[in-house]
Amino acid sequence: MSGHGDVLFGHVASRDEGAMKRIATWRKVSGAIPGPAEAALVHRGLETLEVRLERMCANAMQLATRLQANKAVSDVRYPGLPDDPSHSLMAAQTRDFGFVIGFCLPDKSSAEAFLSACSAVTNATSFGSVHTSAERRARWGEPIPEGFIRLSVGCEPLEPLWSDIERALNQAGRV
């Protein structure tokens, strides 16, 4: 929520009453209360949340469309794309379609080469910053294709960001 990757905050919600009771007990015992500095950072970030989200979602839509047209990429998942399986549900529930895009490159080495070649994209697991970041989820042992990339789109100017991503895709394709 702060948008700058400088504070860790969270929210837990569930329809499972048992789970919520266990979480409430854990919070009471562990003292899950943010410090004043962390609260101030989140408060500062909330002031720009709307404008950040608008830019991030607009950039994500453009990048998803361009990724879908790129021959090096397959299985682009972004709910803003009309042919995405979650498009109808997301369109009914939200105003925008988010800023996270999933896509596949042919294999692990292509995905790692892509991540290494992107100078404008940070290789990180933490998403939602003003800067674009990406990760290869399979490295954490998840049962997904080795070439699957999750891209969290930031607020950077679109054209330089796309130029960097396209260059990295081309470079990764030569691995």
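Colleague: Which residue does the side chain of E135 meet in a salt bridge?

Modeller: Please note at the outset that this model is predicted. In general, side chains of opposite charge can pair when their charged atoms come close. Here the side chain of E135 meets that of R137, with an N to O distance of 2.9 Å.

Colleague: Is E135 buried or exposed?

Modeller: Burial means a relative accessible area under 20%. E135 has 1% relative accessibility, so E135 counts as buried. R137, at 17%, also counts as buried. R137 forms a salt bridge with E142 as well, the closest N and O atoms being 2.5 Å apart. E142, at 32% relative accessibility, is partly exposed. Elsewhere, salt bridges with shared partners join E112, R136, R139 and E146 into one network.

Colleague: How many salt bridges are there in total, and which parts does the pair of R44 and D6 tie together?

Modeller: The count comes to 10 salt bridges. The side chains of R44 and D6 meet at 2.9 Å, N to O. R44 lies in helix 2 and D6 in the segment before helix 1, so this pair ties together parts 38 residues apart in sequence. R44 is partly exposed at 36%, and D6 is likewise partly exposed at 35%.

Colleague: Which residues touch the most other members of the largest nonpolar core?

Modeller: They are L67, I101, F103, F114, L151 and I165, in a core of 34 residues. Helix 6 gives this core its largest share, seven residues. Beyond its neighbours within four places in sequence, I165 is in contact with L63, L67, F114, C118, V121 and L151.

Methods: Residues are numbered from 1 along each chain as its sequence is written. This is a predicted model: local features need pLDDT of at least 70, side-chain atom pairs count only at pLDDT 80 or more; totals for chains, interfaces and linings use all residues. Side-chain values use heavy atoms; hydrogens and water are left out. A nonpolar core is a set of buried Ala, Val, Leu, Ile, Met, Phe, Trp, Tyr and Cys residues joined through side-chain atoms within 4.5 Å. Buried means under 20% relative accessible area, exposed over 50%, partly exposed in between (1.4 Å probe, protein chains only). Helices (H or I, at least four residues) and strands (E, at least two) are DSSP runs, numbered from the N terminus. Contact means heavy atoms within 4.5 Å. A salt bridge is a side-chain nitrogen of Lys or Arg within 4 Å of a carboxyl oxygen of Asp or Glu.
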